[in-house]
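Q: I'm new to protein structures and would like to learn how to read one. Could you walk me through it?

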Amino acid sequence: MSTYPAAPGDSPGRLGGGRPGPSLPDLMAGGTFVVLGLAFAIGGSRYDVGTALRMGSGYVPIALGSILTVLGLVIVVASFRGVDPTVANADRGPIPWRRMGLLLGAVMFFGFTVRGLGLGPALLVTTFVSALAGRETKPTQALFIAIGLTALCLVVFVALLQLRLPVLGEWLGG
Amino acid sequence: MDGILLGLETALQPSNILICLLGVTLGTMVGVLPGIGPTATVALLLPITFSFDPVASLIMLAGIYYGAQYGGSTTAILINLPGESSSVVTALDGHEMAKQGRAGPALATAALGSFFAGTVATVVVALFAPPLAQVALKFGSADYFSIVVLGLLASIALASGSALKALAMIVLGLLLGTIGQDQFTAVPRFTFGVRELYGGLDFVSLAVGLFGLAEIIRNLESRHNATLVTKKVQGLWLTRDDFRRIRMPVLRGTTLGSLLGVLPGGGHVLASFASYSLEKRISKTPQEFGKGAIEGVAAPESANNAAAQTSFIPLLTLGLPAHPVMALLVGAFIIQGITPGPNVINDEPELFWGLIASFWIGNLLLVMLNLPLIGIWVRMLSVPYSVLFPAIIAFASIGCYSLSLNPWDIFAIAAAGLLGYFLIRWGCEAAPLLLGFVLGPLLEENLRRAMIISRGDLSVFVTRPISASLLALALVIVVIALLPSVRQKREVVFQGEDD
């Protein structure tokens, strides 16, 4: 449905136009699995492995991490052979880096400040920053959205549901 | 019989009816919002339910789930934006009907079909869950290990994308489930010295990140704008001819859905697809399908709802979640101090039967609520996405934080959202990961216990008859799923699901 061309790095098909090459989504997915599998397997080997009879804390993570690594490698190898039809058919725009950054930043900000600033101010900033990620949202509109949503959330969660979350945090003397 | 009476007694308590009503209403309200599927709805509303006692909170959750299912169908019919794969099929003919000015009958068909299917499936659950639970009580650790393996592998067979990636997502989910203190030795694993992670990753955070945040980022990718067909919702009632046409499809959809819903890993998705293709195949006018055939709404909606109900069977008898929403319910059970599984029916009969009775009451409330209130739901649809997604972020953050006042639960949302977005973009489905995450501890616990009991002899899994037959079944499923001819058929069945 979106008609603009995808950036080369986002191409759901093969790299480099018509030339045969690895299917990028498969390659990336497989690579991610290999990295995570190795991370868990290596991390798991720091713990007591034990024996099959008495498995230590490291046994299962090492086993599963190794399985994930192998699966990732198989997916990487398979990526050179063909394109996964489910991905090739998907209609994808480019990765929305800026919007993604705003959203993740907004969530992280909430985590870092909800205790210190309290629910009210933390929420106001979080909703404002995430609203900025909207397709055509201008900063003033984002501010209105943020104020409205913060008020709504305070009514729902603090007044109605009576969650014991301080509206103003310790940094603000709440 | 006593059980059902006890259940009705529990579910018909005014406070429980009220809670069921609240759940159904909230579920529909959130579920109808474009781009939010049942899983995201349940995950977002989960924190609210924890302020009630166990019975009430699970009744509310079940209500939320049905409401969300129904809301999803409404969105699919009116704006052709199915929130989750199970209502993709409904959108095919439902949205065509809406474009022809028959949105009312389409919505009514969905509601009535779902109600009928829900009623039948509730009886199925009440009949089959107790004897199955008795069987499950005989299961040893090795058998449990094998049935978890079976459940996980079956979910691959039913996943729509690449089987290999689905398997990898399960293993990744299992690995994420090992984060936190080891249940046997109390050694903290993969916590990097962060005390807040000793309890493990919060499953609500993971679900909200994967199905909420990742989905929002995905929606912000494209400039695709949904077309709203709301002005034409009028004349809800079905004609006599409509009734005649939907009678058999509803019946067949219900049967198919009740059977397939028990399958782990998204039987409800398969059910709606299968019943649609069945109707198309046996119809005398197959060319009408895709152009607004009312049978194309009736059958998948009934199948979907029947399956939604019977998917409680593996949850209530074995503690095995059949799909992500059930996985969330497992988490809810555990937070309430109840271990889902065969013991629930004996230890908590009030909860077990109350839940089953409230299934039916929830379905009844849905029909009574949704048809008259359709105007309100339509208005919910017109909430612009630029307001909607900051609201989801806010609700998700507050909800997860309020559970245990742990900022790391919020960081986990961001991490799960980031990982989930990229993996989904690269053609991996999020549902197997969540299933693996929830079942991971169960798998490890039973594996280690079985090994201790068998003195480290791995052959215990093939010498115990129950375990051996379960593993054999799992093997058969995987082989079938990987057969080239089946794979091709599967691709045909799941075609168009990724739109």
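Predicted model: local features only at pLDDT ≥ 70, side-chain atom pairs only at ≥ 80, totals over all residues.

Q: In which helix is B:Gly63 found?

A: Helices (H or I, at least four residues) and strands (E, at least two) are DSSP runs, numbered from the N terminus. Here, B:Gly63 is found in helix α4 of chain B, residues 54–79. Before we go on, a bit of bookkeeping: residues are numbered from 1 along each chain as its sequence is written, and chains are lettered from A and ligands numbered from 1 in the order in which they are written.

Q: Is B:Gly63 buried or exposed?

A: Buried means under 20% relative accessible area, exposed over 50%, and partly exposed in between (1.4 Å probe, protein chains only). With a relative accessible area of 1%, B:Gly63 is buried.

Q: And which residues is B:Gly63 in contact with, leaving aside its neighbours within four places in sequence?

A: Contact means heavy atoms within 4.5 Å. On that rule, B:Gly63 is in contact with B:Cys20, B:Gly23 and B:Val24, once its neighbours within four places in sequence are set aside.

Q: What about B:Met60, where is its place?

A: B:Met60 also sits in helix α4 of chain B. B:Met60 is buried, with a relative accessible area of 0%. Leaving aside neighbours within four places in sequence, the residues in contact with B:Met60 include B:Ile19, B:Leu22, B:Gly23 and B:Phe52.

Q: What span should helix α12 of chain B have?

A: The expected span of a helix is 1.5 Å times one less than its number of residues. Helix α12 of chain B (residues 295–310) has 16 residues, so it should span 22 Å, and its end C-alpha atoms are 22 Å apart, which agrees. Also, 16 of the 16 residues of α12(B) are buried, so this helix is largely enclosed by the rest of the structure.

Q: How many salt bridges does the structure hold over all chains?

A: A salt bridge is a side-chain nitrogen of Lys or Arg within 4 Å of a carboxyl oxygen of Asp or Glu. Over all chains, the structure holds 14 of them. Take B:Arg244 and B:Asp241, whose closest N and O atoms are 2.7 Å apart. Both lie in helix α10 of chain B (residues 240–260), three residues apart, about one turn of the helix. An α-helix has 3.6 residues a turn, so residues three or four places apart point the same way. B:Asp241 is partly exposed, at 37% relative accessible area.

Q: Which residues are linked with B:Glu444 in a network of salt bridges?

A: B:Asp182, B:Arg189 and B:Arg448 are linked with B:Glu444 in that network. The side chains of B:Glu444 and B:Arg448 meet at 2.6 Å, N to O. B:Glu444 and B:Arg448 are four residues apart in helix α20 of chain B (residues 430–453), and both are buried.

Q: Now the two chains together: how many residues of chain A are in contact with chain B?

A: 68 residues of chain A are in contact with 70 residues of chain B. Buried area is the accessible area (1.4 Å probe) that two parts lose on being put together, summed over both. Chain A and chain B bury about 6,400 Å² between them, 77% of it on carbon and sulfur atoms.

Q: How many salt bridges are found across that interface?

A: The rule finds one. B:Lys165 pairs with A:Asp26, and their closest N and O atoms are 2.6 Å apart. Both B:Lys165 and A:Asp26 are buried.

Technical notes: Heavy atoms only, no water.
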